[in-house]
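Trainee: I have a model open and want to go through a few of its features. Can you help me read it?

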Amino acid sequence: SFGTEAFTPFNELRYNTLQFQNNLSITSERHDVTLGITAQRYRSENSFYSGSQSAYVYNSLNDFYTDVNDYVANPNRTVSPVTLNRFQLRYANIPGLSRPPLQLLDVLYAGAFIQDEIRVSPRLKISLGLRVDIPKFKQTGAFNSAVPSLVLRDEIGQQQTYSTSQLPGAKPLWSPRFGFNWDARGNRSTQVRGGSGVFTGPPPYVWISNQIGSNGILAGFEQTLNTMTRPFNPDPLKYAPANVTGAPAATYELNLTDRNYKFPQIWRSNLALDQRLPWGMVGTVEYLYNQDLNGPYYVNANLPDPQSAFGGPDKRPRWTNNRLNSNITAAFVLKNQNVGSSYNISASLEKAYRGGFFAKAAYAYGSARNTIDPGSTAGGTFNANQISGNPNSPNVGFGSGWSGHRSFLVMSYKKQYFGFGSTGISVFNELRSIGNATYSLPFDINGDGGTGNDLLYVARNTSEMNFQEYSVTSAGAVTTVPANIARTFTVAEQTTAWERYIQQDPHLKERRGQYAERGAVFLPTLFRSDLSFTQDVFVKLAGATNRFQFRVDVLNIGNLINKDWGGSQRLRSNQPLVSALNPGATSNFTIPVGGQPLYRLRNIGTSLIPSSFERTANLADAWSMQFQFRYFFN
């Protein structure tokens with residue numbers, strides 16, 4: 001990507017908050033009742049706008065050079081000699097502005113709750129509670145008179161109308177809760193605890209301010225794909241309107257909010273057991289489950305039904321026109337759904353500190369599934385969500401909240417010498433999952449307007465693989481110049497290498513004949529160990545004991561012992577298939593006869609990508625040692 005900007009991209013946020021809270025507690029023999037009210041006045045002025053003031057995206061570095069050299073030769077040209085992958089321009093639509101316009105948000109967020117902790121018996125205590133929150137937005141969004149008459153549609157194709165000035169109404173968010181704590185034997189040796197209830201988190205106000213900023217009044221936005229009519233020009237405002245009046249822009253992006261939208265709520269339940277065990281140990285097991293009630297997601301209400309589909313095994317839908325209204329780049333609508341869920345199960349065993357010795361071991365596994373991971377911007381969230389079909393109806397996949405496996409063992413021992421000093425040593429060992437990822441394609445294969453969000457189709461066998469021969473320079477850059485060719489990758493060579501790649505990758509191997517699953521590439525587990533040593537010396541000064549401490553911490557000590565230990569891993573690339581070369585075409589990928597896309601297997605230098613994972617080389621992958629000297633007064 002290559003681009004220039006008129007405004008330096010920045011996010012200037014000015015806000016003030018006035019908050020009031022008042023609680024009243026009433027206690028009796030069996031009840032502890034708490035009542036409370038809260039009120040928050042939140043006002044912000046946000047000037048966040050993405051820095052797309054003339055962004056030129058090319059299909060290759062050579063295309064960029066060709067376009068720039070052509071500008072030097074003919075600055076007044078109106079057509080580029082190459083096809084740009086994408087051109088984007090965002091510009092202020094209010095006359096007289098020298099900086100991005102402000103998005104004003106004004107909210108009154110009020111709440112009330114009541115809770116009763118009931119001592120049913122000396123061994124059983126339960127709690128009951130109810131909370132209600134009501135956000136009320138001041139109508140600070142500018143009214144775009146052209147929007148109510150637009151033909152827009154929801155995810156199931158029903159026609160919808162919207163207003164840019166209509167913010168969410170004052171809808172109550174109810175949160176009932178129940179909890180208990182049971183001393184099963186009456187001597188605190190067996191404790192059972194748990195609960196269930198609805199929880200309402202702090203409102204993410206930025207989701208609503210997106211609507212105030214992207215309404216076609218404050219700013220205009222142009223996005224053109226596969227174009228030759230936006231030749232490179234170093235002036236970032238070359239293609240901006242010469243005059244703006246504050247009337248609806250010629251083209252723009254819309255961020256809208258469904259009239260029934262509610263802020264996120266989850267239903268959370270947990271059950272746990274704490275058990276006192278022989279030899280001074282305590283064991284705990286716990287299960288936690290979350291279910292979305294008002295989970296957020298987005299649809300593009302300006303996206304029509306797909307007009308075609310690929311032929312052959314990859315039958316994903318395709319758009320030759322991805323706009324119902326040609327002057328609207330997208331209309332992202334914030335809505336609610338309840339399909340997301342997550343859970344965590346954990347167990348621990350702890351040896352209480354005795355005789356200078358302490359130990360604890362634990363294991364946990366967590367997973368999260370949803371259809372979308374919401375971010376701070378509507379367009380970024382929608383277009384970054386990997387899909388294989390219609391982006392308005394994404395499948396449930398693994399979310400970014402997936403935590404996987406984690407276990408640790410910590411042990412410490414401290415010995416004191418006759419009041420003179422003490423020596424301590426501790427070790428922390430951890431084995432954990434390091435994250436998840438998704439295999440996708442690095443271009444817009446389905447034509448919906450989102451780049452890099454199409455899930456990869458995994459060929460059932462080599463007969464379903466379509467590769468194009470290509471050549472690279474000694475530096476690994478793709479080239480068609482014979483004098484620069486250092487290596488040529490044949491179709492057969494790429495087919496063999498891709499088959500070998502699939503076979504060594506657990507996720508791809510099990511998804512043959514299907515699309516990769518979002519978030520289902522689980523990175524290898526990581527083991528690391530840290531060691532600490534302390535030496536304390538006690539000194540009597542002015543009748544009080546003072547302490548000097550010398551401490552050594554060896555982080556990732558395994559890497560100190562063996563250079564191959566303690567290192568993390570990452571995917572070499574989550575996009576191992578790239579677009580075939582397609583010089584002069586009006587698309588950034590090639591579809592040969594038969595209706596299946598043509599690919600190149602990604603190269604790394606003069607070799608094809610060999611395997612899924614590679615060792616990382618970050619500071620945490622190497623051992624380090626810290627020395628500290630401390631003086632503790634009295």
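Predicted model: local features only at pLDDT ≥ 70, side-chain atom pairs only at ≥ 80, totals over all residues.

Trainee: What is the strand order in the open sheet of three strands?

Mentor: The order is β13-β19-β16, and the pairing is mixed.

Trainee: Which strands stand at the edges?

Mentor: β13 (252-257) and β16 (295-300) do; each has a single partner strand, so one side of each has no neighbour in the sheet. From one strand to the next the twist averages 20 degrees.

Trainee: In what sense do β13 and β19 pair, parallel or antiparallel?

Mentor: Parallel, over six bridges, with β19 covering residues 328-337. Tyr-252 has Ile-328 as its bridge partner in β19.

Trainee: Which helix lies across β13, β16 and β19?

Mentor: Helix α2 (residues 206-213), which runs at about 140 degrees to β13.

Trainee: Switching to rings. How many aromatic pairs are there?

Mentor: The structure holds 27. One of them is Phe-137 with Phe-263, tilted, at 6.0 Å centre to centre and 35 degrees between the planes. Phe-137 is in strand β7 and Phe-263 in the loop between β13 and β14, 126 residues apart.

Trainee: Is Phe-137 buried or exposed, and why?

Mentor: Buried, because its relative accessible area is 6%. Phe-263 is buried too, at 4%.

Trainee: What about Tyr-470 and Phe-489?

Mentor: Their ring centres are 5.2 Å apart and the planes are at 50 degrees, so that pair is tilted. Both residues are buried.

Trainee: Which charged end sits over the ring of Tyr-470?

Mentor: That of Arg-600, 4.9 Å from the ring centre. Arg-268 lies over the face of Phe-199, at 5.7 Å.

Technical notes:
Residues numbered from 1 in each chain as written. Heavy atoms only, no water. Pairing = 2+ DSSP bridges. Helix = DSSP H or I, 4+ residues; strand = E, 2+ residues; numbered from the N terminus. Axes fitted to C-alpha atoms, helices over the stretch in contact; angles between N-to-C directions. Contact = heavy atoms within 4.5 Å. Phe/Tyr/Trp six-rings, centres within 6.5 Å; stacked < 30°, edge-to-face > 60°. Buried < 20%, exposed > 50% of the residue type's maximum accessible area, 1.4 Å probe, protein only. Lys NZ or Arg CZ within 6 Å of the ring centre and 35° of its normal.
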